[in-house]
Amino acid sequence: MSAFIPYVVFGLGAAFMLTLLGTRWYRWFAIHRGIFANPNFRTLHEKPVPRGGGIVFSMVFVLGVLFLWLLGIVGPKLMLAISLGGVVATIFGFMDDVIGINAILKLVMQIFLAGWILFCFDGGPLTQLDWIPVGFAWLLTWFLMVWMINLYNFMDGIDGMAGSGAVFIAGVAAIVVFINGHSNIAIILALLSVSCLGF
C-alpha cells in the first residue's frame with residue numbers, strides 16, 4: 001500500500017483541481033444555456049443559481065474510483081458498485097436538474113440503485129448478524145438506503161449544505177476507517193471529500 005501513496009496524493013490533488021476547474025467551466029456553461037434553479041418554497045437561495053453542477057464532482061469521483069481500481073487499491077465489487085451505480089445516478093440526477101423527472105420515476109431509480117449496491121455487496125453487513133433473518137436484513141437495508149437518498153436530497157435546495165456535509169462527513173469517516181486499518185475505503189472517502197470540496 002505504501003508504494004501507492006504518491007499516486008494517491010497526486011490523485012486526490014488532481015481530483016480537487018479537476019472539480020474546481022470543471023465547476024467553474026460548468027457554471028459558465030449553465031449561465032449561457034439558461035440552466036438555473038429558481039427560488040421556490042423548497043430552497044433558501046434568493047436569486048436564480050446555476051443547477052446541474054453536481055455532474056462535475058460526481059464524474060470526477062467515479063473516474064477516480066476507476067483509477068484506484070486500475071492501481072489495484074479498490075476491489076472489483078466496490079468498483080462496480082460505485083462506477084456503474086455512480087454513472088447511472090449522475091446522469092439521472094443531471095437530467096432531473098435540467099429537465100425535471102417525475103417523483104415516481106425518481107423513486108423507482110432510487111430503489112434500483114439501492115438494490116444494485118445490495119447486489120454488489122451480497123446484502124450488506126446486516127445479513128451477517130445471526131439474530132436478523134437474511135431476507136429481512138436485505139429488505140431493511142434496502143429501505144434504509146432509499147430513505148437516506150431521500151433524506152440527503154432534501155438538503156440539495158439549501159446552498160452549500162449538501163456539499164459541505166459531504167466534505168466533512170466523508171473526511172471524518174476517511175480518518176476513522178483509516179485508523180481502523182481499512183485504507184482502501186479511507187482513500188475512497190477522501191476522494192469523495194476532496195471532490196466535493198472542489199465543488
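Guide: One begins with exposure: a residue is buried under 20% relative accessible area, exposed over 50%, and partly exposed in between (1.4 Å probe, protein chains only). This is a predicted model, in which local features need pLDDT of at least 70 and side-chain atom pairs count only at pLDDT 80 or more, while totals for chains, interfaces and linings use all residues. Residues are numbered from 1 along each chain as its sequence is written, and side-chain values use heavy atoms, with hydrogens and water left out.

Visitor: What share of the 199 residues in the protein chain is buried?

Guide: Buried residues make up 35% of them. The accessible surface (Shrake-Rupley method, 1.4 Å probe; for residues, only the protein chains shown count as cover) comes to about 12,200 Å², and 75% of that surface belongs to carbon and sulfur atoms.

Visitor: How many helices and strands does the protein chain have?

Guide: Helices (H or I, at least four residues) and strands (E, at least two) are DSSP runs, numbered from the N terminus. The protein chain has seven helices and two strands, in the order α-β-β-α-α-α-α-α-α from the N terminus.

Visitor: Which residues of helix 5 are buried?

Guide: An α-helix has 3.6 residues a turn, so residues three or four places apart point the same way. In helix 5, the buried residues are Ala137, Thr141 and Val146. They lie on the same side of helix 5 because they cover an arc of only 160 degrees around the axis, taken from the directions from the helix axis to the C-beta atoms. The buried residues of helix 5 pack against helix 4 (103-120), whereas the face turned away from the buried side carries the exposed Leu139 and Phe143.

Visitor: Which residues form a nonpolar patch on the surface?

Guide: Patches join residues with over 30% relative accessible area and no salt bridge: like charges within 9 Å, nonpolar side chains (Val, Leu, Ile, Met, Phe, Trp, Tyr) within 5 Å. Here Phe143, Leu144, Trp147, Met148 and Leu151 form one, with about 510 Å² of accessible area together. Leu151, in helix 5 (residues 134-153), is partly exposed at 40% relative accessible area.

Visitor: How many salt bridges does the structure hold?

Guide: Side chains of opposite charge can pair when their charged atoms come close. A salt bridge requires a side-chain nitrogen of Lys or Arg within 4 Å of a carboxyl oxygen of Asp or Glu. The structure holds two. One joins Asp122 to Lys77, with the closest N and O atoms 2.8 Å apart. This pair links distant parts of the chain, 45 residues apart: Asp122 is in the loop between helix 4 and helix 5, and Lys77 is in helix 3. Asp122 is partly exposed at 48%, as is Lys77 at 43%. The side chains of Lys106 and Asp96 form another, at 3.4 Å from N to O. Lys106 in helix 4 and Asp96 in helix 3 are 10 residues apart. Lys106 has a relative accessible area of 22%, so this residue is partly exposed.

Definitions and conventions
Contact means heavy atoms within 4.5 Å.
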